[in-house]
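Some labels for parts of a protein rest on cut-offs.

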Amino acid sequence: MGTKGREIVGENIERVLELLNKAFADEWLAYYQYWIGSKIVEGPMKDAVMAELLQHAADELRHADMVAGRIIQLGGKPLANPKLWFEWTNCGYDAPDDPFVRNVLEQNISGEQCAITTYNSIIEEIGMKDPITFNLAVQIMQDEVEHEEDLQSLLEDLGLFLRK
């Protein structure tokens, strides 16, 4: 990014880079959680859940790319060592040790709720001090809200299926 583009962020640039690297760590961990979940999920409605998890994994990878691009625009460097993701993450990683479909859905709903909270906090903290990062966070949060809704719908459908 050019000098003027960095200048609009001003004295907040280090904080913005910190927030973005934490989000970057979250996105990579979310990507992997969705991807591995799609491979090992078991139980009723497995195929529908697998398809949804794979779609969400692709979205999380796209988010990581978007965040990395913004970090680089601001003159920063995305976390290059995956070990650092666990140190920087807001939302953590919840390994799908029990691959039953309900458990995998609940884990990912929790992850999406954390992501929504994280991006909402970024939006509130940054505001119009950095309209580019603000817009990026809004775009990603829209996806995260949709993901939460998708997963909760599948969980509700599963509940109906299991009652019959």
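The questions and answers that follow set computed values against their definitions.

Q: What kind of model is this, and how are its residues numbered?
A: This is a predicted model, in which local features need pLDDT of at least 70 and side-chain atom pairs count only at pLDDT 80 or more, while totals for chains, interfaces and linings use all residues. Residues are numbered from 1 along each chain as its sequence is written, and side-chain values use heavy atoms, with hydrogens and water left out.

Q: What makes the link of Cys91 and Cys114 a disulfide?
A: A disulfide is a pair of cysteine sulfur atoms within 2.5 Å. The S to S distance from Cys91 to Cys114 is 2.1 Å, so the pair meets the definition. The structure holds one disulfide. This link is left-handed, with -90° about the S-S bond.

Q: Where in the chain do Cys91 and Cys114 lie?
A: Cys91 is in the loop between α4 (82–88) and α5 (101–126), and Cys114 is in helix α5. The two are 23 residues apart, and the pair links distant parts of the chain. Helices here are DSSP runs (H or I, at least four residues), numbered from the N terminus, and strands are runs of E of at least two.

Q: Why is Cys91 called partly exposed?
A: Buried means under 20% relative accessible area, exposed means over 50%, and partly exposed is in between (1.4 Å probe, protein chains only). Cys91 has 28% relative accessibility, so Cys91 counts as partly exposed. Cys114, with 22%, is partly exposed as well.

Q: Why does Gln107 count as buried?
A: The relative accessible area of Gln107 is 15%, which is under 20%, so Gln107 is buried. Gln107 lies in helix α5. Contact means heavy atoms within 4.5 Å; not counting residues up to four places away in sequence, Gln107 touches Gln33, Asp94, Ala95 and Pro96.

Q: Is Asp143 buried or exposed, and how do you know?
A: Asp143 has 17% relative accessibility, so Asp143 counts as buried. Asp143 is found in helix α6. Leaving aside its neighbours within four places in sequence, Asp143 is in contact with Arg62 and His63.

Q: Which residues of the largest nonpolar core touch the most other members?
A: They are Leu20, Phe24, Val67, Leu74, Tyr119 and Ile122, out of 27 residues in this core. The largest share, nine residues, comes from α2. A nonpolar core is a set of buried Ala, Val, Leu, Ile, Met, Phe, Trp, Tyr and Cys residues joined through side-chain atoms within 4.5 Å.

Q: What is the phi of Met45, and where is its place?
A: Met45 has a positive phi of about 65° although it is not a glycine. Most residues other than glycine have a negative phi. The place of Met45 is in the loop between α2 and α3.
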